[in-house]
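Below is a short report on a predicted model. Look at the structure, then read on.

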2 protein chains.
Amino acid sequence: MKTAILLFDGVTALDAIGPYEVLQNAPDNEVCFVASSRGMKRTDFGRLGLQADYRLDEIDQADILLVPGTPNPEALLSDGAAIEWIGQQHAGTQWTTSVCTGALGLAAAGVLKGRRATTHWMALEGLREFGAEPVSERVVEDGKIMTAAGVSSGIDMALTLVSRLFDQATAERIQLIIEYDPQPPFDAGSPSKAPAEMVDALVAEFGPQM
Amino acid sequence: MKTAILLFDGVTALDAIGPYEVLQNAPDNEVCFVASSRGMKRTDFGRLGLQADYRLDEIDQADILLVPGTPNPEALLSDGAAIEWIGQQHAGTQWTTSVCTGALGLAAAGVLKGRRATTHWMALEGLREFGAEPVSERVVEDGKIMTAAGVSSGIDMALTLVSRLFDQATAERIQLIIEYDPQPPFDAGSPSKAPAEMVDALVAEFGPQM
């Protein structure tokens, strides 16, 4: 089994690394980081370099495709080669997946037309422009497409994905390895739980670019 | 405020990237990835390269020091320059923190002597050899030292840390940005919750090296 994780300059690291940490512990899974060009890609605010070991054309066919997101979707959507590659890969994947605004990359590749999908809560309405049906849930499955909400939700998605690919025990074993027994000190992780003025302030700050 | 995250060959990516994603959203926080030598460090099973932008001696004094872990603690403990640097930095930090077996790096630097601390559930007893008191909790604070349990627990730790550095609202804002409203599909993320035979099998597989 081969998993290809797309990288690009501007990517949000945890979107990619959350599911990677789960998927690299799945049995017999070759995990590859791929980009339009090989080499270091800087994350969203420039503070970290992640290495793309493979060019897009070096991946024949991924069984699992994972597209992470970014607070600046143009960083992904303007990468024409990557968007085209997403569509080509999707034709032959077993699962096509995204985290956060990575869903906009799937949508731009035409993968989400008429499909139920999710993305970061601030970007949900953006899916509609591509003919997708936005769903405000943490993990959304529609056929072989699995999309996750914002940033940290990719961990929940990847565990769900492993249970579909293998079984519940395989996913539980990985959950135990990464000690994923979350105990957030606060309960403000979704717009329905956070103070309304905090939600409004974030939309005012990030909304226009999401 | 300056946060230094230690990298080394063999590091577990999510140990570093979970807290990084929280801390990089904290106000006025310069986040730096640091290692014994500049350049790409490969993660635990070799599948990803993370870039160390700074050498140890290029960081005058970190306000927050974060030491991530590895399934092979020797990868960290054999890096004598890094262990020495941890001790030097700790003398002037505001907070000294670790995720997973990164705690063994703090311990080897003498930082945890007589202190309550946690680490990956499989490595807890290893802390005792360094004179620390192992505590089976997700996040443990002792003075200015904050240690987190395995891999994914660094997210919970970093949100706690932000609430100490700033206030609860600042932490909640970050929790909302990274949409950290965890919904694990299964409940096997700690040895007290996973099936006993699964726990035993993992200890048999990883235990000797942890």
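B:Val151 is buried, with a relative accessible area of 6%. Buried means under 20% relative accessible area, exposed over 50%, and partly exposed in between, with a 1.4 Å probe and protein chains only. B:Val151 sits in the loop between strand E11 (145-148) and helix H5 (153-165) of chain B. Helices (H or I, at least four residues) and strands (E, at least two) are DSSP runs, numbered from the N terminus.

Backbone angles come next. Most residues other than glycine have a negative phi. Two residues here have a positive one, as tabulated.

| Residue | Phi | Relative accessibility |
|---|---|---|
| B:Val151 | near 30 degrees | 6% |
| A:Glu179 | near 45 degrees | 9% |

A:Glu179 also counts as buried. It comes just after H7(A), in the loop between H7 and helix H8 (196-206) of chain A.

What encloses H7(A), residues 168-177? Of its 10 residues, 7 are buried, so the helix is largely enclosed by the rest of the structure. Among them are A:Ile174, A:Leu176 and A:Ile177. The buried residues pack against helix H1 (13-23) and helix H6 (153-165) of chain A, together with helix H7 (196-206) of chain B. Contact means heavy atoms within 4.5 Å.

Now the whole chain. Chain A holds 8 helices and 11 strands. Its radius of gyration is 16 Å, close to the 17 Å of the globule rule for 210 residues, so chain A is as compact as a globular protein of that length. The radius is taken over C-alpha atoms, and the rule is 2.2 Å times the number of residues to the power 0.38. The C-alpha trace spans about 45 × 40 × 35 Å along its principal axes. Of the 210 residues, 64% count as buried.

How are the two copies related? A rotation of 180 degrees, with 0.0 Å of shift along its axis, superposes chain B on chain A at RMSD 0.0 Å. The copies are thus related as by a two-fold rotation axis. Superposition is by least squares on C-alpha atoms of residues with pLDDT of at least 70 in both. Of the residues of chain B, B:Leu50 comes closest to the axis, at 2.5 Å (C-alpha). The same surface serves both copies: 100% of the contact residues of chain B recur in chain A.

Residues are numbered from 1 along each chain as its sequence is written, and chains are lettered from A and ligands numbered from 1 in written order. In this predicted model local features need pLDDT of at least 70, side-chain atom pairs count only at pLDDT 80 or more, and totals for chains, interfaces and linings use all residues, while side-chain values use heavy atoms, with hydrogens and water left out.
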